[in-house]
Amino acid sequence: MKRWLIAAVIAVLAAPWALLAWQRHLPDATPPSTAPVDLKRGAYLAAIGNCAGCHTARGGERLAGGRAIPTPFGTVFSPNLTPDATGLGGWSADDFWRALHLGQSRDGRLLVPAHPVTNTTLVTREDADALHAWLQAQPPVSAPHREHQLRGLYGSQLAIAAWRALYFRPGAYQPDPAHDSGWNRGAYLSQGLAHCSACHAGRDALGGDRGAADFRGGLLAGIGWVAPSLLDPLEAGVQRWSADAVKRLLRDGHGAHGPMAEVVLGSTAALDDADLAAMTAYLRALPEQAVARPEGAEPSPRRRERGASLYRDHCAACHGANGEGRPDASGAPAYPALAGSRTVAQASAANLIRLIERGGFAPATPGHPRPYGMPPFAGVLAADDLAALASHLREGFGHHAGEVDTVEVLRLRAAASAR
Amino acid sequence: MLGGSPPPETLKPLIDYPTGGGTLRAMPSLLRTALATGLLTLTGAAHAAEPVPVPDTLAQRALACTGCHGKEGRAAPDGYYPRLAGKPAGYLYNQLLNFRDGRRDYGLMSELIAPLSDAYLKELAGHFASLDLPYPPPQPPTLAAPELARAEALVRNGEPARKLPACIACHGERLTGSQPAVPGLLGLSRDYLNGQLGAWRSGQRRAQAPDCMEKIARALTDAEINAVTQFLAGQPLPADPHPAAALATPAPMRCGVLP
């Protein structure tokens with residue numbers, strides 16, 4: 001009996017050590033790539049991966065890190081990727097491969113899961129080596145790493161090891177023989193380097209997802225935007241869109257706003273024709289799966305009437321009296337139709353309210369260089385007016401998306417200002 | 001759109017869209033009715049076929065800005081969102097970059113323009129710079145005359161003993177700014193001017209390095225800032241309100257925004 005007790009105590013004490021040892025010593029025998037160094041290829045891959053998006057502070061030196069990334073567990077600061085002693089200076093291709101494939105720094109420490117290791121593990125060794133060569137060829141910038149500000153033990157190596165034990169397995173993209181090479185290329189890019197699921201996954205309370213092809217969508221806690229589901233055609237699924245429409249979104253940024261505008265600018269606008277077609281084919285072929293639609297606020301005719309009147313005063317001039325939108329000279333939407341708009345009628349009202357409050361432009365891309373924009377209404381509409389207007393939009397124009405009450409607006413506003 | 005009765009003036013929305021209503025209201029009423037009827041028929045017919053494209057102009061694109069900065073960028077009535085119309089294009093462009101890249105800190109502004117390119121921001125800056133519009137009346141100062149005289153002396157002569165340059169050395173003899181990148185100081189509210197000098201002191205507003213305005217704002221006392229902004233906001237615009245073509249004399253300090 002006594003021996004059993006001692007064994008149990010040892011097991012409990014050893015478990016954390018074993019967990020950490022396991023995660024820090026994941027086996028990997030991937031040989032380095034034999035392909036010749038191709039800096040152009042590396043630059044292209046870095047663009048698709050939008051490395052600079054997270055690894056550049058606003059107004060800071062490109063790739064020198066320091067961007068604050070709000071998460072539900074605190075704020076993390078991206079590290080410096082330039083070949084300086086404070087960054088990736090002296091990192092070998094093997095070191096870099098381990099960071100992408102196993103989520104480990106050169107010293108063996110586990111990277112925080114804000115680094116989308118679930119996705120980067122799928123990047124091939126050849127692509128990782130091309131990225132490494134290109135990064136090492138960038139101008140070095142001295143930018144010491146800023147410590148993450150994670151609450152409690154969230155930032156500890158043990159917590160990260162536990163998270164990884166639950167949600168991460170190193171892997172390689174396995175082509176699906178049921179699909180053609182274009183689809184497979186699109187899947188490799190979308191699940192891997194382009195890390196769509198970093199935002200579009202449906203995350204649980206621990207920030208875990210169901211893998212690199214989890215596109216169920218969810219609230220990006222910390223920045224107050226919803227990344228809608230790519231599986232539901234009523235959210236952001238493009239299964240029923242033409243291939244051209246998907247390309248206009250990914251390449252030219254038509255209809256992209258907030259974080260997706262950033263993704264278009266930093267990543268998808270750079271896709272070459274073949275990869276754009278591949279990603280488009282993959283996204284259009286995703287299985288359809290409806291998201292749960294929560295009950296809206298208690299219906300209130302008075303609130304909707306107020307909303308209709310606000311719509312006439314503030315919105316109709318651009319979006320049309322019946323929400324039909326207005327085209328630009330080329331026939332593309334200058335001001336999008338709100339009748340039938342998914343942003344208006346998707347399950348969460350977060351993005352709609354965010355856009356009304358803070359306005360926005362589609363990204364200025366080579367294919368759409370001078371987008372029309374929407375002014376912020378934060379100083380014009382109080383929270384109850386916003387709720388009224390959003391309710392009118394979500395229940396008018398043939399929508400039945402549920403009303404929004406003032407509390408919901410205030411809650412979303414708090415989520416958005418937490419950044 | 002044109003057919004709806006205009007909203008009562010008291011409920012006029014802050015955001016004023018050029019739906020044509022403004023022009024119509026300024027016309028003699030008979031002509032207005034005739035034109036409105038004609039246009040209504042036209043737009044009605046066009047609407048049934050296909051929606052009317054929005055004008056392919058910068059003014060139309062700038063509506064995202066004038067929601068806060070007032071009709072045509074003349075400044076919002078609250079005085080907090082400053083006038084854009086007629087400021088030097090280089091100044092406006094620099095501010096857009098400063099907001100986008102984090103040297104100035106105002107979330108709404110930074111988020112709004114985050115996805116826009118340098119080229120497009122330059123075009124928008126050029127649009128507002130090209131507008132030649134009347135200015136609002138000055139804000140009567142509430143300070144006593146001696147304090148205002150002291151403020152005016154600071155504005156016109158600076159204080160060499162404290163290495164404080166005169167405002168007019170860069171902002172122009174007429175205080176209407178200098179091309180290409182120094183803004184005018186007139187036609188702005190006290191609150192706005194105080195806000196900016198305060199932001200420079202706290203580091204919330206920065207300019208291209210070396211940031212001379214930061215040094216100046218930090219060297220001024222609270223009382224001096226108050227007096228100077230009282231004086232500036234109280235000045236009417238001169239007959240020629242445009243920015244000077246260039247600095248009249250060599251710049252008194254090294255400054256990132258000066259050529």
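## A hairpin in chain A

S1(A) and S2(A) form a hairpin, with two residues between the strands. This is seen in a predicted model. Strand S1 of chain A covers residues 68–71 and strand S2 of chain A covers residues 74–77; the two run antiparallel and are joined by four bridges. Within this pairing, Ile69(A) has Val76(A) in S2(A) as its bridge partner.

## Two domains of chain A

Chain A is divided into domain 1, residues 32–284, and domain 2, residues 301–417. The centres of these two domains of chain A, taken over C-alpha atoms, are separated by 30 Å.

Between the domains, 22 residues of domain 1 of chain A are in contact with 19 residues of domain 2 of chain A. On the domain 1 side, the elements that give two or more residues are strand S5 (225–227), H10 and helix H11 (259–266) of chain A. H11(A) provides the largest share of that side, three residues. Sorted by class, the side of domain 1 of chain A that touches domain 2 of chain A has 13 nonpolar, six polar and three charged residues.

## Leu249 in helix H10 of chain A

Leu249(A) sits in helix H10 of chain A, which spans residues 243–252. Leu249(A) counts as buried because 21 other C-beta atoms lie within 10 Å, and the cut-off for a buried residue is 20 or more.

Leaving aside residues up to four places away in sequence, Leu249(A) touches His254(A), Gly255(A) and Ala256(A). Leu249(A) and Ala261(A) are twelve residues apart in sequence, and the distance between them in space is 9.4 Å, C-alpha to C-alpha.

## Where chain B meets chain A

The two chains also touch: 29 residues of chain B are in contact with 36 residues of chain A. Four helices of chain B each supply at least two residues to the side that touches chain A: H3 (58–61), H4 (63–69), H6 (107–113) and H7 (118–129). H4(B) gives the most to this side, with four residues.

By class, the side of chain B that touches chain A has 19 nonpolar residues, along with five polar and five charged ones.

Key. Residues are numbered from 1 along each chain as its sequence is written. Chains are lettered from A and ligands numbered from 1 in the order in which they are written. This is a predicted model: local features need pLDDT of at least 70, side-chain atom pairs count only at pLDDT 80 or more; totals for chains, interfaces and linings use all residues. Two residues are in contact if their C-beta atoms, placed from the backbone, lie within 7 Å. Ala, Val, Leu, Ile, Met, Phe, Trp, Tyr, Cys and Pro count as nonpolar, Asp, Glu, Lys and Arg as charged, and the others, Gly among them, as polar. Two strands pair if DSSP finds at least two bridges between them. A residue is buried if 20 or more other C-beta atoms lie within 10 Å of its own, exposed if 12 or fewer, and partly exposed in between; C-beta atoms are placed from the backbone. Domain bounds come from an automatic or database domain assignment.
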